[in-house]
Amino acid sequence: MEYEIIGTPFPAVICRLNENEAIHCQSDGMSWMSPNMEMTTNTGGGIGKLFGRALTGESLFRCTYTARQGGGMISIASTMPGQILPIQITPQRPIVAQKSAFLAMESSVDMSIFFQKKLGSGFFGGEGFIMQRFAGNGITFLEINGSLVEYDLAANQTIVVDTGYRAAMDETCAIDIQMVKGVKNILFGGEGLFNTRITGPGHIWLQTMPAPALAKSIIPFLPTSGS
């Protein structure tokens with residue numbers, strides 16, 4: 001498969017598939033395609049996969065698009081202003097991403113649910129207990145809200161991230177929470193009670209404008225019923 005990412009601030013990925021190659025996306029993911037792309041709707045692996053997507057907030061059914069009778073083309077557009085991040089998944093390198101990050105993936109990639117190992121990070125880390133895990137061998141496309149920032153963390157190196165700004169990370173990274181210090185900081189700092197601590201080794205992908213932050217910045221400018 002070949003691909004091209006176009007557009008800003010609402011990008012799209014255009015994928016060109018060889019005959020019988022397939023790509024998976026959510027049930028409303030396709031933007032435009034060549035007429036020889038065959039669409040099938042499925043649960044992506046049975047009741048267990050269906051239940052997993054329900055927990056992560058994704059659409060319950062997944063669409064698979066396959067090129068038939070020659071090469072085909074399909075475009076999948078982002079749903080938020082930002083970037084589309086292609087990540088090469090390998091058997092040695094699975095990744096974990098936030099629940100709303102998935103855009104599309106090659107059929108050779110498997111998506112499953114990922115449970116936080118620590119109760120604290122599950123309750124207060126901003127993403128809940130459940131994230132998405134991508135494994136296998138192929139390209140996965142993720143939605144990044146805002147701009148993309150990347151870091152390589154060495155073993156035991158830690159970075160503190162505000163809720164929602166973590167987009168994805170290598171599965172080798174560990175997640176924990178850190179309580180904000182100081183009563184005034186908690187009451188007036190605007191950061192809440194907890195931040196997320198990510199500890200290496202591994203690569204992390206951060207985003208500069210999570211969807212809740214974008215909504216918060218727009219709300220003051222929305223007309224009210226009395227205006």
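This is a predicted model: local features need pLDDT of at least 70, side-chain atom pairs count only at pLDDT 80 or more; totals for chains, interfaces and linings use all residues.
Residues are numbered from 1 along each chain as its sequence is written, and side-chain values use heavy atoms, with hydrogens and water left out.

Glu-4 meets Arg-16 in a salt bridge with 3.8 Å from N to O, where the term stands for a side-chain nitrogen of Lys or Arg within 4 Å of a carboxyl oxygen of Asp or Glu. The pair links distant parts of the chain, with Arg-16 in strand E2 and Glu-4 in strand E1, 12 residues apart; strands here are DSSP runs of E with at least two residues, helices are runs of H or I with at least four, and both are numbered from the N terminus. Arg-16 is also partly exposed, at a relative accessible area of 39%.

How many bridges join E1 to strand E2? There are 5, and the two strands run antiparallel, with Arg-16 in E2 as the bridge partner of Glu-2. Two strands count as paired if DSSP finds at least two bridges between them. Both strands belong to an open sheet of 4 strands in the order E1-E2-E7-E4, with antiparallel pairing. Strands E1 and E4 (30-33) stand at its edges with a single partner strand each, so one side of each is left without a neighbour in the sheet.

Because Tyr-3 lies in strand E1 and Phe-141 in strand E13 (residues 138-145), the pair ties together parts that are 138 residues apart in sequence. Tyr-3 is partly exposed at 36%, whereas Phe-141 is buried at 0%.

Now to another open sheet, where 6 strands follow the order E11-E12-E9-E16-E19-E14 with antiparallel pairing. Is strand E16 (residues 166-170) largely enclosed or left open? All 5 of its 5 residues are buried, so strand E16 is largely enclosed by the rest of the structure. Strand E16 is joined to E9 by 3 bridges, with Asp-170 as the partner of Ile-95, and pairs with strand E19 (residues 202-207) over 3 bridges, where Trp-205 is the partner of Ala-168.

Finally, Glu-171 forms a salt bridge with Arg-133, the closest N and O atoms being 2.6 Å apart. Glu-171 sits in the loop between E16 and strand E17 (174-179) and Arg-133 in strand E12, so the pair ties together parts that are 38 residues apart in sequence. Both residues are partly exposed, Glu-171 at 28% and Arg-133 at 24%.

Conventions
Buried means under 20% relative accessible area, exposed over 50%, partly exposed in between (1.4 Å probe, protein chains only).
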